[in-house]
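I opened this notebook to record what I looked up in one model.

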Amino acid sequence: MALGKNERCKMQFIYSEPQTEFEKMIGGCRHINAFGTIQRGDADRLVDIIRKCEVPPQTNVYINSTGGDLEEGLKIGCVIRAYNLETSIGTYTLEPPQGDVPMASRTLTPGVCYSAATMAFAGGRLRHFPKGSKFGVHRFMFQTPDPSNVEKSQELSASMASFLEKMGVALSFLQTSAAVPSDTILELDETQLESHQMVTGGQTGVEWGTEMRRNMMYVRGTRDSIYGKHKVMLAHAKDAGFMFCAVIEAQGRQQELCDLGLVEIVVNGEDHRINISDRCDRMANDVDVILISKITSQEAALIAYSNSFGVQIRFWEDSEMFLGISAMDTTGGQDSLITLYKNMS
């Protein structure tokens, strides 16, 4: 179908789903192409497509856009995060399967992500930078000068800062953008984008926090990855003592996570293993599996003073493959972990 002039200008969203029975069986093989100029109403149209096509979480949105309306770019980013989607740059071309082949041919063409499109990109739960991509920033400016635009600009800058903080992007990204004249594009490479935490690749860094609930205090690490959003915790409860807790996004494997026989806390990569198979409780909760186990004071000390810890669930000791959470780096949470241990031991 031919597109009119207005249709060609505004952003297009095209959803591709599995093309063969084999692709349906293995899952994945889904993506959304988002290309063109960002205009008012685009975020609502993206929501309509997600709902109509029942786009599953973790689907990748491939952005190829030189920008457009900044406020709408922010709205698109919020939609992408609300539906737990990932972002990348470029356009995926899908070739219909020819004959009896297990998978259809797909080709990724490098694209650009400039100006307002960078806000849409920032909404991804994970954010990827394919080879050949271009990512460009500059200072925002209203096209029609007006005294009232000064106040609007300040409000929009505050909204951008708040949005990027929620998306896990460093403040340095906004500072870099603000230093570039509005009539210029500064292209940032993958290393620079990683330093601003705009590009995550296959997993984000670990976010650490401390909370108290009723008679329990815990230090929690959270990391998002291609294997799901996971949490590990060192906790202490008034009546139970030290505990290890984990929340594992099951990705459809709740039964294996609850039934496999060997459960081990792994510390400092995999240098130390704490077998909790006979003292842990595992419960499926919607898309997650929650794991709770009492641990000794000595085991709590090993975790508190560690460089990393996680949990592995396997068939038996010689199994090379595991489900669970690979060890999370404790760099940002070690002080809190040690403080919890010292105060509660």
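My entries follow, beginning with the conventions.

**Entry 1: conventions and confidence**

I worked from a predicted model, in which local features need pLDDT of at least 70 and side-chain atom pairs count only at pLDDT 80 or more, while totals for chains, interfaces and linings use all residues. Residues are numbered from 1 along each chain as its sequence is written, and side-chain values use heavy atoms, with hydrogens and water left out.

I looked up pLDDT, the predictor's confidence in each residue, from 0 to 100. The protein averages 90, and 94% of the residues score at least 70. Over residues 1-8 the pLDDT stays under 50. For that stretch I found 3 contacts (heavy atoms within 4.5 Å) beyond four places in sequence.

**Entry 2: helix α3**

I took helices (H or I, at least four residues) and strands (E, at least two) as DSSP runs, numbered from the N terminus. Helix α3 covers residues 42-53. Its 12 residues reach 16 Å from first C-alpha to last, close to the expected 16 Å; the expected span is 1.5 Å times one less than the number of residues.

I then sorted α3 by relative accessible area: buried is under 20%, exposed over 50%, and partly exposed in between (1.4 Å probe, protein chains only). D42, A43, L46, V47, I49 and I50 are the buried residues. Seen down the axis of α3, they fall within an arc of 160° (taken from the directions from the helix axis to the C-beta atoms), so they line one face of the helix. They pack against β1 (12-16), β2 (31-35) and α4 (70-82). On the other side of α3, I noted D44, R51 and K52 as exposed. Just after the helix, E54 takes a positive phi of about 55°.

**Entry 3: salt bridges**

R125 lies in the loop between α5 (117-122) and β8 (134-137) and D224 in strand β11 (residues 216-225), so the pair ties together parts that are 99 residues apart in sequence. Both R125 and D224 are buried.

E264 pairs with R273 at 2.8 Å between the closest N and O atoms. E264 is buried at 7% relative accessible area, whereas R273 is partly exposed at 33%. I also recorded a salt-bridge network that links E264, E270, R273 and R314.

Technical notes:
A salt bridge is a side-chain nitrogen of Lys or Arg within 4 Å of a carboxyl oxygen of Asp or Glu.
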